[in-house]
Amino acid sequence: MTYSIKEISEMTGLPASTLRFYDKNGLLPSLKRDANNVRIFDDDDFRTLRLINCLKKSGLSIKDIKEFIDAVGQGDKSLNKRLKIFKKRRDFLKRELKDLQEVLSVMEYKCWYYETACEAGTEKAMKNLKLSDVPEKFREIREKLTTAH
């Protein structure tokens, strides 16, 4: 099936200007044009755009995405290169996810902390809490936040 730039824009949520940018920068190497030089997108282009969107969300630059797209165009001889790109990005995302999980834990603890202080009408009630009075799921984070080393 083929799609106009407007249709593919609606399908992907990407503005037409972004689609044109991707085309001009070689991210859609199989994109075809009609007799009037109008871009014609097909299902392969749609799948490529979905992958580009994923790669962008993963933090890859347009330059790095272009490198990947170029590698795809090289066929099987670039399989190891493509695998390396994805493994490197996966490992980066795992580290980021771990870091974000730690940040989220602090946010959860602080929400509990201030909700409890609000219920008590004073923060003083929180300052004097024994560790055993803190819900178990927050004890480790409280210890990290309150110990000097």
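Let's start with a pair of charged residues. Lys66 is partly exposed, with a relative accessible area of 27%, and this is a predicted model, so keep that in mind as you look around.

- Lys66 forms a salt bridge with Asp70, and the closest N and O atoms of the two are 2.6 Å apart.
- Both Lys66 and Asp70 sit in helix 4, four residues apart, which is about one turn of the helix.
- Asp70 counts as partly exposed too, at 35% relative accessibility.
- Glu67 has a salt bridge of its own, with Lys81, where the closest N and O atoms are 3.8 Å apart.
- Glu67 lies in helix 4 and Lys81 in helix 5, so this pair ties together parts that are 14 residues apart in sequence.
- Glu67 is partly exposed at 35% relative accessibility, and Lys81 is partly exposed at 37%.

**Other salt bridges**

- The structure holds nine salt bridges.
- One of them joins the side chains of Glu102 and Lys98, at 3.4 Å from N to O.
- Glu102 and Lys98 are four residues apart in helix 5, so about one helical turn separates them.
- Glu102 counts as partly exposed, at 39% relative accessibility, whereas Lys98 is exposed, at 52%.
- Elsewhere, Asp23, Arg33 and Arg39 are linked in a network of salt bridges.
- As background, side chains of opposite charge can pair when their charged atoms come close.

- Three strands make an open sheet in the order 1-3-2, with antiparallel pairing.
- Strand 1 (2-3) and strand 2 (32-33) are the edge strands, each pairing on one side only.
- Strand 3 (residues 39-42) pairs with strand 1 in the antiparallel sense, over two bridges.
- Look for Tyr3 here: its bridge partner in strand 3 is Phe41.
- Strand 2 and strand 3 also run antiparallel and are joined by two bridges.
- In strand 3, Ile40 is the residue that stands opposite Lys32.
- Strand 2 and strand 3 form a hairpin with five residues between them, and in the turn Asn37 has a positive phi of about 70°.
- Strand 3 has two faces: Arg39 and Phe41 are on the covered one, while Ile40 and Asp42 are on the uncovered one.

**The nonpolar cores**

- The largest nonpolar core has 18 residues, and those with the most contacts inside it are Ile8, Tyr22, Leu28, Phe41, Leu49, Ile52 and Ile65.
- Helix 2 (16-24), helix 3 (43-57) and helix 4 (62-73) are the elements that give two or more residues to this core.
- Helix 3 provides the largest share, four residues.
- Take Ile52 as an example: leaving aside neighbours within four places in sequence, Ile52 is in contact with Tyr22, Leu27, Leu28, Ile65 and Ile69.
- Apart from this core lies another one, of nine residues, among them Trp112, Tyr113, Val134 and Ile141.

**A buried loop residue**

- Ser58 counts as buried, because its relative accessibility is 10% and the cut-off for buried is under 20%.
- Not counting residues up to four places away in sequence, Ser58 touches Arg89, Phe92 and Leu93.

- Which residues make the nonpolar surface patch of about 260 Å²? They are Val103, Leu104 and Met107.
- Val103 has its place in helix 5 (residues 79-120).
- With a relative accessible area of 44%, Val103 is partly exposed.

How values were computed: Residues are numbered from 1 along each chain as its sequence is written. This is a predicted model: local features need pLDDT of at least 70, side-chain atom pairs count only at pLDDT 80 or more; totals for chains, interfaces and linings use all residues. Side-chain values use heavy atoms; hydrogens and water are left out. Patches are made of residues with over 30% relative accessible area and no salt bridge: like charges are joined within 9 Å, nonpolar side chains (Val, Leu, Ile, Met, Phe, Trp, Tyr) within 5 Å. Accessible areas come from the Shrake-Rupley method with a 1.4 Å probe; for residues, only the protein chains shown count as cover. A salt bridge is a side-chain nitrogen of Lys or Arg within 4 Å of a carboxyl oxygen of Asp or Glu. Buried means under 20% relative accessible area, exposed over 50%, partly exposed in between (1.4 Å probe, protein chains only). A nonpolar core is a set of buried Ala, Val, Leu, Ile, Met, Phe, Trp, Tyr and Cys residues joined through side-chain atoms within 4.5 Å. Contact means heavy atoms within 4.5 Å. Two strands pair if DSSP finds at least two bridges between them.
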